[in-house]
Amino acid sequence: MVLLILRNSTRVSRNILGCRHYRGLLTLAIETSCDDTSVAVIEKNNGKAKIHFLENITADCREHRGIHPILALESHQENLACLVDKALRYLPSPSNGEKSIDLADGTKCRRPDFISATRGPGMRSNLSVGLDTGKALSVAWQIPMVGVHHMQAHMLTPRLVSCLEERKSQTSEGTASLQFPFLSILVSGGHSMLVHSKSMTDHKILASSEDIAIGETIDKSAREIIPADLLKESKTTMYGKALEQFVFPNGKEDFADYRPPMNRGEEVIKRQSRWGWSVTTPFANTRTLQLSFSSVASMVNKIIKNKDGEMSREERVDLGREIMRVSFEHLASRTIIALDALRLRHSDEKEIKTVVVSGGVAANKFLMAVLRSFLDVRGFEKMEIIAPPPYLCTDNAAMIGWAAIEMFESGYTTDLKCRAIRKWTLDSQAEDGGILGLDGWIKDGAAI
């Protein structure tokens, strides 16, 4: 019976893949890698993308002041089926003989061309909830499935945005305006890395954090810095966002006078605050292509302990701004080093003209200001920075659906025997082969 299902799935893959270049593509997408349960319905037609439906439900882990694996898993189990059921009502109506789905109320909806679900990396149990749901829909509707690499989806999100915005720079074939190669800065609560993205599946990790991610550093610092009464008012455990609102209540006006260090020499200068403390920039004395953020969070903890927790609101604001400045300048400094190295080593290759910033921390306006300032004073003033709008920076199913569309257009689907993967590198030169190195890929209907 299982063999019959797989053969049918492969046959459907071949039938649909054969017409992928001249018809619109519709997918229902699922994201459950961490604590966000997200479902989307997304369509690409003639180079234009449309998000018919997107909704996220975040597990309530506030009592634990951070993501609790069991609560996150239970949230997926409780909410995913309900979100999928809701999303079905947003599938477009069928036309021109397209296959349809009959809903309980008699409504006919267009059947998706394939299912998209995050396969990894992430919490394996959480991933399995979404992946297994995707498999079930794939079998029930007799359509293919694409298991998506979560970080690849973050990197490709600006290409989705360029199609949503219908930029004039799109070609007649509908290619997204963001073209390869580009430098990706992936920054979230679980990831911090600089990636040389040569193509959709060919990526080289240039630098990554050897300890904790930049998002985790800011979240940990926020729990120490934000006054307890304000922290209790937070509706989520995204404390980094709350910290940004606390220290920059007026947005860009509060850091309009920011000036970046003009050179490496200025980066190493120790900045003593008016309160007597300072936060040291990681790797300030080296050009090592490596990221490290644990010392920043540790320093915040030490400063507050030395004050016995007695800090004025004004001092807390200054400390919050300083830990963001130090963290973001460390990231920006390594970005410049990476761009310099790429310019020297790859002079014979296509020049990188764009820096893509993605992941939850990409929504931080001060980070974007720091990066822009560094590029402007370090010889990369013509370099474009692209980041998705805030609602597409955090984990969401729209980015999963878009990455799946790009993979599907290139002929890739996923075998129904696939399993969730906790660790899955992006680097195509790594031992596991990166995105395409994982078992379970089908190319144009044939296993690879």
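Modeller: Here is a short tour of the core, some helices and some backbone features.

Biologist: What ground rules apply?

Modeller: This is a predicted model, so local features need pLDDT of at least 70 and side-chain atom pairs count only at pLDDT 80 or more, while totals for chains, interfaces and linings use all residues. Residues are numbered from 1 along each chain as its sequence is written, and side-chain values use heavy atoms, with hydrogens and water left out.

Biologist: Which residues of the largest nonpolar core touch the most other members?

Modeller: L243, L319, I323, M324, F328 and V357, out of 57 residues in that core. A nonpolar core here is a set of buried Ala, Val, Leu, Ile, Met, Phe, Trp, Tyr and Cys residues joined through side-chain atoms within 4.5 Å. Buried means under 20% relative accessible area, exposed over 50%, and partly exposed in between (1.4 Å probe, protein chains only).

Biologist: Which element gives the most to this core?

Modeller: α10, with twelve residues. Elements giving two or more include β8 (182–187), α7 (239–247), α10 (313–345), β11 (354–358) and α11 (365–377). Helices (H or I, at least four residues) and strands (E, at least two) are DSSP runs, numbered from the N terminus.

Biologist: What does V357 touch?

Modeller: I185, V187, A362, L367, M368, L371, I385, I386, A387 and P388, not counting residues up to four places away in sequence. Contact means heavy atoms within 4.5 Å. There is also a second, separate core of 42 residues, which includes F114, A403, A404 and I421.

Biologist: On to α11. Which of its residues are buried?

Modeller: F366, L367, M368, V370, L371, S373, F374 and L375. Their cover includes β8, α7, α8 (264–267), α10, β11 and β12 (384–386).

Biologist: S373 is in that list. What does S373 touch?

Modeller: Y258 and P260, again leaving out residues up to four places away in sequence. S373 counts as buried because its relative accessibility is 18%.

Biologist: And E329, buried or exposed?

Modeller: Buried, at a relative accessible area of 6%. E329 sits in helix α10. Apart from neighbours within four places in sequence, E329 contacts Y258, P261, R271, V370 and F374. E329 and R264 are 65 residues apart in sequence and 11 Å apart in space, C-alpha to C-alpha.

Biologist: New topic. How do the axes of α5 and α9 cross?

Modeller: At roughly 10 degrees, coming within 9 Å. That makes α5 roughly parallel to α9. Angles under 35 degrees count as roughly parallel, over 145 as roughly antiparallel, 65 to 115 as roughly perpendicular and the rest as oblique. Axes are lines fitted to C-alpha atoms, for helices over the stretch in contact, with angles from 0 to 180 degrees between N-to-C directions.

Biologist: Which residues make the contact?

Modeller: T217, K220, S221, E224 and I225 of α5 meet S294, V296, A297, V300, N301 and I304 of α9.

Biologist: Where are the cis peptide bonds you flagged?

Modeller: One runs from G120 to P121, with omega near -10 degrees. P121 is in the loop between β6 (114–120) and α3 (124–141). Another runs from F180 to P181, with omega near 0 degrees. P181 lies in the loop between α4 (150–164) and β8.

Biologist: What is phi of Q142 near?

Modeller: 55 degrees, a positive value in a residue other than glycine. Q142 is in the loop between α3 and β7 (145–149).
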